[in-house]
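Here is a short briefing on one protein chain. Read it with the sequence and the 3D view side by side.

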Amino acid sequence: MDLSNPFRCIMQRLFPNASIIADRFHYVKLFGECLKRSRLDTCSSLKDEKIAKSIKKNLHLFDKYRKDLDDQTEWYDRHLKKHFTCRTYVEYIFEQDGTDGFYQSYMIYQNLLKLIHEKHNDYKKELNNWLNHIFETNNTYFISFYKLDLVVHTFNKTVIKTCFIRFTV
């Protein structure tokens, strides 16, 4: 189901007894927007313009699940004038000054991808650990999304169903 509020309201009115199960794509997209805002803010505040330009050029690497980043094929970054693999590039960026907030957002996003991609014995526990981590880090990008767009109970229930469906179908 599409996670937009208007669509959700219509579906709940038309089908009041239906369970809401959202596609994992929607969660990745919604929380990817939080990561994107963090990346944009980081790039605009970086003192090293070469790093900011490089991040903008390679932004797709930050959207990928960390375990899927290529660690074999090298490529040349013309802004940084260095060779990298996808994995070493991401690691290099987060070693730079001024990227701490972006790294925190990246790790929250990566933990969501882990929750979605990997099988867990207790999804509810894993989801609660992930949400607790967001609030412990006080990451404003993810907290503001969580508070404004979703009700905690509905969100938890929907994510758990979404994760569970993947392994029972």
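His120 sits in the loop between α6 (100-117) and α7 (123-137). This is a predicted model: local features need pLDDT of at least 70, side-chain atom pairs count only at pLDDT 80 or more, and totals for chains, interfaces and linings use all residues. Residues are numbered from 1 along each chain as its sequence is written, and side-chain values use heavy atoms, with hydrogens and water left out.

- His120 is buried, with a relative accessible area of 13%. Buried means under 20% relative accessible area, exposed means over 50%, and partly exposed lies in between (1.4 Å probe, protein chains only).
- A polar atom of the His120 side chain lies 3.3 Å from the backbone oxygen of Lys114.
- The His120 side chain also reaches the backbone oxygen of Glu118, at 3.3 Å.
- Leaving out residues up to four places away in sequence, His120 touches Lys114, Leu115 and Glu126. A contact means heavy atoms within 4.5 Å.

**The overall fold**

- The protein chain has 9 helices and 2 strands. Helices (H or I, at least four residues) and strands (E, at least two) are DSSP runs, numbered from the N terminus.
- Along the sequence, the pattern reads α-α-α-α-β-β-α-α-α-α-α.
- The chain has 169 residues, and 40% of them are buried.
- Take the contacts between residues at least 6 apart in sequence: 62% of these join residues at least 24 apart.
- The accessible surface of the chain comes to about 10300 Å², and carbon and sulfur atoms hold 52% of that. Accessible areas come from the Shrake-Rupley method with a 1.4 Å probe; for residues, only the protein chains shown count as cover.

**Buried residues**

- Tyr109 is in helix α6. At 3% relative accessibility, Tyr109 counts as buried.
- Which residues does Tyr109 touch, not counting those up to four places away in sequence? They are Val28, Phe31, Gly32, Leu35, Phe62, Asp63 and Phe142.
- Tyr109 and Tyr65 are 44 residues apart in sequence, and their C-alpha atoms are 8.8 Å apart in space.
- Helix α5 (residues 86-94) has these buried residues: Cys86, Tyr89, Val90, Tyr92, Ile93 and Phe94.
- The cover over the buried residues of α5 includes α3 (49-57), α4 (60-63), β1 (75-77), β2 (82-84) and α6.
- Cys34 is buried, at 0% relative accessible area. Cys43 is buried too, at 5%.
- How many disulfides does a search of the whole structure find? The count is 0. A disulfide is a pair of cysteine sulfur atoms within 2.5 Å.

**Salt bridges**

- Side chains of opposite charge can pair when their charged atoms come close.
- A salt bridge is a side-chain nitrogen of Lys or Arg within 4 Å of a carboxyl oxygen of Asp or Glu. By this rule, the count is 2.
- Lys67 and Glu118 meet in a salt bridge, at 2.8 Å from N to O. This pair links distant parts of the chain, 51 residues apart: Lys67 is in the loop between α4 and β1, and Glu118 is in the loop between α6 and α7.
- Lys67 is exposed, with a relative accessible area of 55%.
- Lys53 forms a salt bridge with Glu49, and the closest N and O atoms are 3.3 Å apart.
- Lys53 and Glu49 are 4 residues apart in helix α3, so about one helical turn separates them. An α-helix has 3.6 residues a turn, so residues three or four places apart point the same way.
- Lys53 is partly exposed at 41% relative accessibility, and Glu49 is exposed at 53%.

**Surface and backbone**

- Ile10, Leu14 and Phe15 form a nonpolar patch on the surface, with about 320 Å² of accessible area together. Patches are made of residues with over 30% relative accessible area and no salt bridge; like charges are joined within 9 Å, and nonpolar side chains (Val, Leu, Ile, Met, Phe, Trp, Tyr) within 5 Å.
- Ile10 belongs to helix α1 (residues 5-14). Ile10 is partly exposed, at 47% relative accessibility.
- Lys81 is not a glycine, yet its phi is positive, near 55°. Lys81 is in the loop between β1 and β2, and Lys81 is exposed at 57% relative accessible area.
- Asn138 has a positive phi of about 55°, although Asn138 is not a glycine. Asn138 is in the loop between α7 and α8 (140-149), and Asn138 is exposed at 53%.

How values were computed:
A polar contact is a pair of N or O atoms within 3.5 Å; within protein, one must be able to donate a hydrogen and the other to accept it, and residues adjacent in sequence count only if both atoms are side-chain atoms.
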